[in-house]
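The entries follow the order in which I looked.

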Amino acid sequence: MQIGVVGLGRMGANISRRLMRAGHGCVVWDANAATVQELGREGAEPSDGLTQMVQVLTAKPRAVWVMLPAGKITEQTIEQLGTMLGAGDIIIDGGNTFWKDDVRRGKALAAKGIRYVDCGTSGGVWGLERGYCLMIGGDKSAVEHLDPIFSALAPGLGTIERTHGRDGRDPRAERGYLHAGPVGAGHFVKMVHNGIEYGMMQAFAEGFDILRNRASDTLPADERFELNMGDIAEVWRRGSVVSSWLLDLTASALATDERLEKFSGHVDDSGEGRWTIEAAIEEAVPADVLAASLFVRFRSRQDHTFAEKILSAMRFGFGGHVEAPSKQ
């Protein structure tokens, strides 16, 4: 299947590579010409802008995957594509767009006959090898047309034990991708996923901070423990109820640098946590843990603890996020 990919950053480039590995044809463009040329050498068809990309897309309906940071650049790109594509064509936003923007865009594009699909994409810098967990919103016919693309990007069944009682249910979910509902539903599900991620990360961060501070000289001498953070993370990975990919990343970071000295403890938030709390307020749903984890990130920019270094290490591990250097 032929598809255009706009944005060849940490995830966009690897999305293109994974699709090409599966035999799909990618027409690529990015503001960084060197990245476009690199993907061209790997088998993609390079283009020098959106106009040329659309011209090169010959398979109908044409489909373009936009993988850019949420906000102005994505908005402008989709607006431009809306003037170039025609009835039946499909625009996919695979970034971390606010779901209400999807609803608005979907309506505007539908008036031109262009179909819009929002795709929450989880997998970070590891997606090329592990696959991407995809949460998709959009018209049923558009999503079904793109199924070969989503199937190629998703992890597949892999080695995860199958869930008992799923007989007769949508098989796509256990292969790592889901048509969540109409336009906006995909990014809404991904938004809540990221809100949960904040809470899980915070729980690990606080736990390891408690472990580390058991050696504090403010405690009675016979109640102090010099605990090995890396070994604790490793043993928890092996059969514990808190085992997870986030713990895997934590163990990896602690194995190479138990004090996490290369991390400042300044922890950014990319928006989804805030949007999740806003949704909870709209729905009058209590979200104590998720709200607290977001506020800790705000506080981390003023005062850093070992817990925030753990958070930074996890963010770097799954997404390649490099936090701002400490100002202290």
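The notebook entries below begin with the conventions and then go from cores to helices to loops.

**Conventions.** I note that this is a predicted model, in which local features need pLDDT of at least 70 and side-chain atom pairs count only at pLDDT 80 or more, while totals for chains, interfaces and linings use all residues. Residues are numbered from 1 along each chain as its sequence is written, and side-chain values use heavy atoms, with hydrogens and water left out.

**Cores.** I looked up the nonpolar cores, each a set of buried Ala, Val, Leu, Ile, Met, Phe, Trp, Tyr and Cys residues joined through side-chain atoms within 4.5 Å. For burial I used relative accessible area, with buried under 20%, exposed over 50% and partly exposed in between (1.4 Å probe, protein chains only). The largest core holds 32 residues, and Ile 3, Trp 65, Ile 92, Val 117 and Phe 150 have the most contacts inside it. Apart from it lies another core, of 24 residues, which includes Ala 253, Val 267, Met 314 and Phe 318. As background, nonpolar side chains in soluble globular proteins tend to be buried together.

**Trp 65.** I found Trp 65 in strand β4, where helices (H or I, at least four residues) and strands (E, at least two) are DSSP runs numbered from the N terminus. Trp 65 has a relative accessible area of 1% and is therefore buried. Counting contact as heavy atoms within 4.5 Å, and leaving aside residues up to four places away in sequence, I listed the residues that Trp 65 touches, among them Ile 3, Val 5, Ile 15, Ile 92, Cys 119, Phe 150 and Leu 153.

**Leu 134.** I next looked at Leu 134 in strand β7 (residues 133-137), which counts as buried at 1% relative accessibility. Beyond four places in sequence, Leu 134 touches residues including Cys 119, Thr 121, Phe 150, Leu 153 and Tyr 177. From Leu 134 to Val 189 I read 9.8 Å, C-alpha to C-alpha, across 55 residues of sequence. Lys 100, 34 residues from Leu 134 along the chain, has its C-alpha atom 18 Å from that of Leu 134; Lys 100 belongs to helix α5 (residues 99-110) and is partly exposed, with a relative accessible area of 34%.

**α9 against α10.** How do helix α9 (residues 185-212) and helix α10 (residues 229-237) pack? Their axes are 11 Å apart, at an angle of about 135 degrees, where axes are lines fitted to C-alpha atoms, for helices over the stretch in contact, and angles run from 0 to 180 degrees between N-to-C directions. That makes α9 oblique to α10, since angles under 35 degrees count as roughly parallel, over 145 as roughly antiparallel, 65 to 115 as roughly perpendicular and the rest as oblique. Phe 208, Leu 211 and Arg 212 of α9 make the contact with Met 229, Ile 232, Ala 233 and Trp 236 of α10. Elsewhere in α9 I found Asn 194, which is buried, with a relative accessible area of 6%, and touches Asn 96 and Glu 272, residues up to four places away in sequence not being counted.

**α10 against α11.** The axes of α10 and helix α11 (residues 245-256) come within 8 Å and cross at roughly 150 degrees, which makes α10 roughly antiparallel to α11. Here Met 229, Gly 230, Ala 233, Glu 234, Trp 236 and Arg 237 in α10 meet Leu 247, Asp 248, Ala 251 and Leu 254 in α11.

**Loops.** I noted a cis peptide bond between Lys 60 and Pro 61, with omega about -5 degrees; Pro 61 sits in the loop between α3 (50-56) and β4 (63-66). Which residue in the loop between α11 and α12 (272-283) did I look up? Leu 260 lies there, and its phi is near 55 degrees, a positive value in a residue other than glycine. Leu 260 counts as buried at 0% relative accessibility. Ala 284, in the loop between α12 and α13 (288-300), also has a positive phi, of about 55 degrees, although it is not a glycine, but Ala 284 counts as exposed at 67% relative accessibility.
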